[in-house]
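Visitor: I have a protein model to look at and some questions about it. Could you take me through it step by step?

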Amino acid sequence: MSGFTPVNSLTFHIKYAMIGYVVMKTTYNDTSVKKHFYAMEMRTCEGVWREIMSYKIIVDSCGELTEELKQDARVQSVPLELDVDDYHVVDDESFCQAEFLQKVKESPNCPKSACPSPQKYYDAYNSGAGHVYAVTLSAQLSGSYNSAQTARQMFLDQYPDRKVHVFNS
């Protein structure tokens, strides 16, 4: 039996990242023992794989997502809402910027915005993912960060085993 040797047991190539999992294993001359260690490494790597794949990224609608990210079920946008006089619009995929800007131009009043409610963030967090990452508009510009934090606390009170991280951009 020789000592411990680092071995690169598996490398996963996934769409968004490459994850290398390096383990220490004992090298024996007996092939049955080697197979046992490889099987053990595979189970360990599968657990790491499930943990890594169990995530969700949430942004408020000020975050710009590529078309590819918009199609990814692990990425979600929680919309802000905008008002100009009696014209109300949700900043989601149905939002028409040209129409909104025309309403702003025609109105003597300034437009108003409303951040997503804590309930909207809570609903987004409640996806079954082990790790949730929320990125919000700066707390100095919007209440979105505070809503996301409030929802985080409500969510963790109910699901203490989950991980929710809120980033103030």
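Guide: A salt bridge is a side-chain nitrogen of Lys or Arg within 4 Å of a carboxyl oxygen of Asp or Glu. Keep in mind that this is a predicted model.

Visitor: How far apart are the closest N and O atoms of Glu 67 and Lys 70?
Guide: Side chains of opposite charge can pair when their charged atoms come close. Glu 67 and Lys 70 are three residues apart in helix α2, so about one helical turn separates them. They form a salt bridge, and the distance between their closest N and O atoms is 3.3 Å.

Visitor: Is Glu 67 buried or exposed?
Guide: A residue counts as exposed when its relative accessible area is over 50%. Lys 70, at 47%, is partly exposed. Glu 67 has a relative accessibility of 53%, so Glu 67 is exposed.

Visitor: How many salt bridges does a search of the whole structure find?
Guide: One is the pair Glu 67 and Lys 70. Another joins Arg 74 to Asp 72, with the closest N and O atoms 2.9 Å apart. Lys 120 and Glu 81 also form one, at 2.8 Å. The search of the whole structure gives a count of three.

Visitor: Arg 74 forms a salt bridge with Asp 72. What is the relative accessibility of Asp 72?
Guide: Buried means under 20% relative accessible area. Arg 74 counts as buried because its value is 18%. Asp 72 counts as buried too, with a relative accessibility of 11%.

Visitor: How many residues apart in sequence are the parts that Lys 120 and Glu 81 tie together?
Guide: The closest N and O atoms of this salt bridge are 2.8 Å apart. Lys 120 lies in helix α4 and Glu 81 in strand β5, so the pair ties together parts whose separation in sequence is 39 residues.

Visitor: Which strand gives the largest share of the lining of the largest pocket?
Guide: The largest pocket has a volume of about 430 Å³. It is lined by 13 residues, and Leu 65, Lys 70, Ser 77, Asp 92 and Glu 93 lie nearest its centre. By class, the lining has four nonpolar, four polar and five charged residues. The largest share, three residues, comes from strand β4.

Visitor: How many charged residues are in the lining of the second largest pocket?
Guide: The second largest pocket has a volume of about 160 Å³. Its lining includes Leu 80, Leu 82, Asp 91 and Cys 115. Seven of the lining residues are nonpolar and four are polar, and the number of charged residues is one.

Visitor: How many disulfides does a search of the whole structure find?
Guide: A disulfide is a covalent bond between the sulfur atoms of two cysteines. Cys 96 is partly exposed at 35% relative accessible area, and Cys 115 is partly exposed at 30%. The number of disulfides found in the whole structure is zero.

Visitor: In which helix is Ser 144?
Guide: Ser 144 is buried, with a relative accessible area of 0%. Leaving aside its neighbours within four places in sequence, Ser 144 is in contact with Asp 60, Cys 115, Pro 116, Tyr 121 and Thr 136. The helix that holds Ser 144 spans residues 144-158 and is α5.

Visitor: How far apart are the C-alpha atoms of Ala 148 and Ser 117?
Guide: Ala 148 is in helix α5 and counts as buried, at 0% relative accessibility. Not counting residues up to four places away in sequence, Ala 148 touches Tyr 121, Tyr 125, Thr 136 and Val 166. Ala 148 and Ser 117 are 31 residues apart along the chain, and the separation of their C-alpha atoms is 8.0 Å.

Visitor: What is the phi of Asp 85?
Guide: Most residues other than glycine have a negative phi. Asp 85 lies in the loop between β5 and β6 and is partly exposed, with a relative accessible area of 46%. Although Asp 85 is not a glycine, its phi is positive, at about 55°.

Definitions and conventions:
Residues numbered from 1 in each chain as written. Predicted model: local features only at pLDDT ≥ 70, side-chain atom pairs only at ≥ 80, totals over all residues. Heavy atoms only, no water. Helix = DSSP H or I, 4+ residues; strand = E, 2+ residues; numbered from the N terminus. Buried < 20%, exposed > 50% of the residue type's maximum accessible area, 1.4 Å probe, protein only. Contact = heavy atoms within 4.5 Å. 1 Å grid on protein atoms, 1.4 Å probe; cavity = no way out; pocket = protein on both sides within 12 Å on 5 of 7 lines; lining within 4 Å. Points joined across faces, edges and corners; volume = space filled by probe spheres on them. Nonpolar A, V, L, I, M, F, W, Y, C, P; charged D, E, K, R; others polar. Disulfide = S-S within 2.5 Å.
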